[in-house]
Amino acid sequence: MDTQAVVLDADQQAAADRLAEIAGRVGKRWRRPRGLYLYGGPGRGKTMLMDRFFAAVPSKRKRRFHFHGFFARLNAGVHEYGSIDASADALLGDAELLCFDEFHVHDAGDARLVERLLDRLFARRITLVVTSNYPPEQLLPNPLFHPMFEPAIAEIVAHLEVVAVDGPLDYREIHGRHTGFAAGEYTVGECPVRGRAEVPIAHRLMYARAAGNGELTVDFAEICGIPVSAADFLALLGEYRRWTVCGVPDLTTVPPDWVMRFVNLVDVLYDADLELSIWAERSRDELGKEVRRVPDLYRTLSRLGELRVRRTEPVG
């Protein structure tokens, strides 16, 4: 998004005004500013606003992270330093301002770590500014696990002002261009890529059709049929920025845990705004007829609806 050419919409301007107030107070000994939680759909300018804000804060005691990158380093540091508090302190140093881009919680196993991290940040009175595709009440949306995260959500709402940046225009589509997640395609048919490559994931090897030059092409059964988590998908994002998943079946024909991994994978790529293409046996509308089998599948199908459709007739 060209920040010089685009006039801020109403939601963006309201968020920018609030961020300007925070920027002028970061580092003040008294009346430290309350943090800010900006949420809205992809392409609404949240990252642009955060970048402008971060550059405007004169303090050198500031840190900015993409959340999945920070969380991967936090997890690694737990093993190195012995606790999440020690790992967080090593990452944060003397920060008085922390910015997280693409804050999210999908994995129940990670939720406890996120809750402990938030406790640490608020205890240190660090000013926190985050962007997210989700309002706080939709974090960890799986209804089986959501109640366990409700205390953390209450902490977020108590310490951060929640502001929607969700205007009607997706700036990624200006001049007809699609970028990020929306640049992918949904195709009903056989994936043309042939080959075999070994990809390390979660202390095991996954066999992909192709892997290299920032692109990964893998079969649904390979990536969703093995015991991996959202954190394991996150660990691959630094190496692979364009993803293709082949052989996606009618989701009523595979075990629910496979479907849940597919949900997690789409969530991770959507939140990181990375290109995803799908080769499936069924149209998107037919893919998950029984959404009730996996409560979060409705969100996945909605997100796949942002991909351009190339074919609609079933395979065979």
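Five strands form an open sheet in the order β2-β3-β4-β1-β5, paired in the parallel sense. The model is a predicted one. At the edges of the sheet are β2 (62–66) and β5 (160–164), each of which pairs on one side only. Averaged over the sheet and ignoring direction, neighbouring strands are turned by 10° against each other.

**Inside the sheet and the helix on it**

- Strand β3 (residues 97–101) and strand β4 (residues 127–132) are parallel partners, joined over four bridges.
- Within this pair, F100 stands opposite V130 in β4.
- Helix α1 (residues 10–23) packs on the sheet, where it touches β1 (35–39), β4 and β5.
- The direction of α1 makes about 160° with that of β1.

**The β7–β8 hairpin**

- Strand β7 (residues 197–201) and strand β8 (residues 204–208) are antiparallel and pair over five bridges.
- The two strands form a hairpin with two residues between them.
- In the turn, A202 has a positive phi of about 50°.
- I201 has R204 in β8 as its bridge partner.

**Packing of α9 and α11**

- Two packed helices are described by the angle between their axes and the distance between the axes.
- For helix α9 (residues 256–271) and α11, the axes come within 9 Å and cross at roughly 45°.
- The two helices α9 and α11 are therefore oblique to each other.
- The crossing of α9 past α11 is left-handed.
- From α9, the residues V259, F262, V263, V266, D267, Y270 and D271 take part in the contact, and they meet L297, R299, T300, R303 and L304 in α11.
- Sorted by class, the residues in this contact of α9 with α11 are seven nonpolar, one polar and four charged.

**R303 in α11**

- R303 belongs to helix α11, which spans residues 297–304.
- Its relative accessibility is 7%, so R303 counts as buried, the cut-off being under 20%.
- Leaving aside residues up to four places away in sequence, R303 touches Y134, F181, V266, D267, Y270 and D271.
- Among these contacts, V266, D267, Y270 and D271 are also listed on the α9 side of the contact between α9 and α11.
- R25 lies 278 residues from R303 along the chain, and the C-alpha atoms of R303 and R25 are separated by 38 Å.

Note on methods
Residues are numbered from 1 along each chain as its sequence is written. This is a predicted model: local features need pLDDT of at least 70, side-chain atom pairs count only at pLDDT 80 or more; totals for chains, interfaces and linings use all residues. Side-chain values use heavy atoms; hydrogens and water are left out. Buried means under 20% relative accessible area, exposed over 50%, partly exposed in between (1.4 Å probe, protein chains only). Contact means heavy atoms within 4.5 Å. Axes are lines fitted to C-alpha atoms, for helices over the stretch in contact, and angles run from 0 to 180 degrees between N-to-C directions. Angles under 35 degrees count as roughly parallel, over 145 as roughly antiparallel, 65 to 115 as roughly perpendicular and the rest as oblique. A crossing is left-handed if the near helix is turned anticlockwise from the far one by less than a right angle, and right-handed if clockwise. Ala, Val, Leu, Ile, Met, Phe, Trp, Tyr, Cys and Pro count as nonpolar, Asp, Glu, Lys and Arg as charged, and the others, Gly among them, as polar. Two strands pair if DSSP finds at least two bridges between them.
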